[in-house]
Amino acid sequence: MNKLFKKYEKKLPLKVINDIKENIPKNINEAKLKKILEKTLIEYNKMLVQPGESVGLVSAESIGEPGTQMTLNTFHFAGVAEMNITMGLPRIIEILDGKKAIQTPMMEIYLKKPYNQGKNIKKLALSIKETTLKEVVSEFMVDIAESKIEVIFDEKKMKNMGLEYSAIQKSIKTNFKEIALSKKGNTITLKLNEKEKEFNQLFKVKEKIKDIYIQGIKGITQVLPIKKGSEFLIITAGTNLKKVLEFDFVDKIRIISNNIFEIANVLGIEAARQAIINEVYKVIQNQGLNVDIRHLMLVADTMCATGTIKGVTRYGVVKEKASVLARASFETPIKHIFNASLIGEVDHLNSVVENVMLNQPVPVGTGLPGLVTKVKRS
Amino acid sequence: MSEVYLNGKFVGAVENPAEFTENVRIERRKGIISENLNIYYDKAIGNVQISDNKGRLRRPLIVVKDGQPILTEDHIKKLQKNEISFSDLIKQGVIEYLDAAEEENAFIAFSREDLTKVHTHLELTPLAMVGLCTSLVPYANFSPGARISIGSKNQKQALGMYAINFPIRMDMDVNILQTPQIPIVQSVMHEVSNYNKHPSGQNIVVAVMSYKGYNVEDAVVINKASIDRGLGRSTYYRPAIAEELRYSGGLTDEISIPDKDVKGYKSEKDYKFLEKDGIISPEAKVKEDNVIIGKTSPPRFLSSMDQYNLAPSSRRESSVALKHGEQGIVDFVLITESSEGNRLIQVKIRDQRIPELGDKFTSRHGQKGVVGLIVDQADMPFTASGITPDLIFSPHGIPSRMTISHLIELIGGKVGALSSRYIDGTLFDVEPEEKLRKELLSLGFREDGCETMYNGVTGEQFEVNIFIGDIYYMKLKHMVANKIHARARGPIQLLTRQPTEGRAKEGGLRLGEMEKDTFVAHGASLLLKERFDADRTVIPICEECGMVAIHDKFKNRLFCSVCGDNVEINFIEISYAFKLLLDELKSLTVHPKLVLKNKY
């Protein structure tokens, strides 16, 4: 049995062979297995792309054509609350251009077994959310005469978030070292020292302390626990994959972020490649369009081939093109030609665009094969 | 206090804005304040906007006081007797013009019956809501607004008679419909606007059915016999103009039959229609390339020798000739002077345009279509009484566009034609459809407008009754004869050696970037090369410096202007546009070096 598989190992990819191994009945006879493998091989070869096929261009057309039918600026609402996510063409452009700051960063945090049953889910969610001082304060009082600020806290909110006054005092202290703090009931009083007694300074400090970070994860501005199927999960606006993975209630395998650069940084380029495919495919399916996933794989491969994410722009993928003429024919031609002339770049005319410019057969399809013959020297 | 703005600029404040606005209006009606001023009190924001600037859209309304219009029977009688005019009514404050802003403060009654105490204005007529062109659409209140405005836009492109003195005018691009008719189904605006004195369409019999698929996708099938009887026949006029310009050094253009020695002389037969004075004679039948006005110009650049050598051989041919694909008959010749005092020749050429495949026709309801097939009358379907339609309209044009007015006009036209009267289709004031149907029934037809019809080819009766009636159709100015264009070989541009662009220059049809991509995607590499061979050139390249070398064909000598004789020079085949790019790079001080390699 294993011998037979060994024979096909070179002809079929490992994944296919493993799939067959998993799915065949236990007591299959050799002749039948051979039939299966033979049939698989035929099908596999059928699906292979012919040499010289212009896969890149076909991918571009296959993604570009449905793109013209896409509805612009559609927002997809995740869950009940008003959390929306960029979808449609703007999202695809965002991904393929390799934009670092995306419009609506978002995470879907799946939870581990006991936590995903919904118990205390709100508290878990709030512990992830980035909380600033102003969110737990009910009133700021500025005393100009005494040059002090009284911060009155909302005890109910603090209890909900499980906050302690000492923690808040600590974080204020780390941000403003010269300020004297005193606590009385639900009020913390900040007193400026003598040097900074100026009137303006008082207001500046008041504005600054509003944004003091108290707890949660930086970058996550909104949390939303929702029920999906039989389990609960948390959807967040804003991403911080690295910090979220540190929590032990988070299911580290299923967690999703839509920030591709973050994925590349935290999980590596292969994960980012998969994320590009998933994100683009999600948009295309959402629009009710049908694009073969292999086209997206090719695009994602091109974007990630160098180890970092390169957008399909003149600063990204196009910059990597070997041909000067191909680069010049895209955008900013003068820049490319001058730079090429400075270092004496050579264009070997190996790709499509340059050959079209020179009106030579393009090296794809029928233009690819060459004739090998001995030339008689006379 | 409410702020008051005049044309958007702050001018002051008033204590009681509502009273202030009302007072302004009263004074305007009295004629103390200009009738062109509009005032609007914005209750939500609490300010007053006064405008009297240009460009506001305004419309007339009858002023209403205590639920009664100020316009009385007395006014109307006087109007009819021509004792007072419309502008008198405005001066008296009976009628006033409101702009979009002041309309917000008004409460306008649609008709007199609707008037209540709270109304401030009354429509002159519901028809006044729309413009002139839109009011020419009959039964417009039965169709979606979008279709009505398309219909009114289409009417502007219809051929008719734009001016009575067209035979003596010299206008560009003129179309005259030869036998225009007054529409059977009209609105009052047809009479008021004198449309009936210069109509721009014809009443024709239209059957709503399909005809062998030749009227799918908004096409129409036309009866050949109808065309022979003059349906949609128009005349196209175009002037040819030549001016004897004066140049420096006392040189002038000369209008005459060009001498054979002239630079750029065409073939002799192109000049055959010219008379002695170099101008064509009226009623000459001209085809493409025929010269209409013979003209020669002095040479463009005078060298010192040329100044004394004004032999005809140095002059340039600059005649006015019919362009590629054009034809016609010379209508009349006008010899006059331009504003600079130069002799000016204008020749008007006329061309009869008989409807052909691809010409555009439309009803007045945004139901435009192009001719898909011209059928012999013998093959057209016919009714039991022997009527054959002039035009067959596809029923698929109706459901998605919902132009019910088109269908009602078919019935209305039928009733009007049978009972020899005009049908009133004025917006919101139409002859009711019920009445038309009853009349049709009394005339001996089915009240739904359908008739038993027979297949013109086989003579078999159709299984269903066909909706057939009379409707006003117009020929639009977009005609195939003005647009048809194809090219295999032809002129090229001097700079790039690529084909010229556009029909006027007999240009090529561009195979664009995306079309190119489809060839690449198919892997049809060599076909792609062939398609782009239009500017193919073979040039010698110096292997030493990689730049274009020189081939002296007379001495059969190859040399490089940089490296001299003793270098290897080989020919390569590239597009001329790339050679141009290399030259342009050189002018940018970039040295593009071609490194040659044996292809095989």
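Chain A of this predicted model holds an open sheet of four strands, in the order β5-β6-β8-β7, with antiparallel pairing. Two strands count as paired if DSSP finds at least two bridges between them. Helices (H or I, at least four residues) and strands (E, at least two) are DSSP runs, numbered from the N terminus. Strands β5 (137–143) and β7 (180–184) of chain A stand at the edges, each with a single partner strand, so one side of each is left without a neighbour in the sheet. Neighbouring strands of this sheet are turned by 20° against each other on average, direction ignored.

This is a predicted model: local features need pLDDT of at least 70, side-chain atom pairs count only at pLDDT 80 or more, and totals for chains, interfaces and linings use all residues. Residues are numbered from 1 along each chain as its sequence is written, while chains are lettered from A and ligands numbered from 1 in the order in which they are written.

**Two sheets in chain A**

Strands of a sheet pair through backbone hydrogen bonds, either parallel or antiparallel. In the sheet above, A:Asp143 stands opposite A:Lys148 in β6(A). Helix α8 (residues 165–175) of chain A lies across β7 and β8 (187–191) of chain A, at about 165° to β7(A). Axes are lines fitted to C-alpha atoms, for helices over the stretch in contact, and angles run from 0 to 180 degrees between N-to-C directions.

Another open sheet of four strands in chain A has the order β10-β11-β3-β12, with antiparallel pairing. Here β10 (222–228) and β12 (256–257) of chain A stand at the edges, each with a single partner strand, so one side of each lacks a neighbour in the sheet. A:Met107 has A:Ser257 in β12(A) as its bridge partner. Helix α6 (residues 121–128) of chain A packs on this sheet and touches β10 and β11 (231–237) of chain A. The direction of α6 makes about 145° with that of β10(A).

| Strand pair | Sense | Bridges |
|---|---|---|
| β5(A) and β6(A) (residues 148–153) | antiparallel | six bridges |
| β3(A) (residues 106–110) and β12(A) | antiparallel | two bridges |

**A helix pair**

Helix α5 (residues 88–96) and helix α12 (residues 269–286) of chain A pack at an angle of about 165°, with their axes 9 Å apart. That makes α5(A) roughly antiparallel to α12(A); the term covers angles over 145 degrees. On the α5(A) side, the contact is made by A:Gly88, A:Arg91, A:Ile92 and A:Ile95. On the α12(A) side, A:Ile276, A:Glu279, A:Val280 and A:Val283 take part. Residues are in contact if their C-beta atoms, placed from the backbone, lie within 7 Å. By class, this contact has five nonpolar, one polar and two charged residues. Ala, Val, Leu, Ile, Met, Phe, Trp, Tyr, Cys and Pro count as nonpolar, Asp, Glu, Lys and Arg as charged, and the others, Gly among them, as polar.

**Where the chains meet**

How many residues of chain B are in contact with chain A? 20 residues of chain B contact 24 residues of chain A. On the chain B side, α12 (513–522), α13 (525–531), β34 (569–575) and α14 (576–587) each supply at least two residues. The largest share, five residues, comes from α12(B). That side divides into 11 nonpolar, four polar and five charged residues.

Notes: Parallel < 35°, antiparallel > 145°, perpendicular 65-115°, else oblique.
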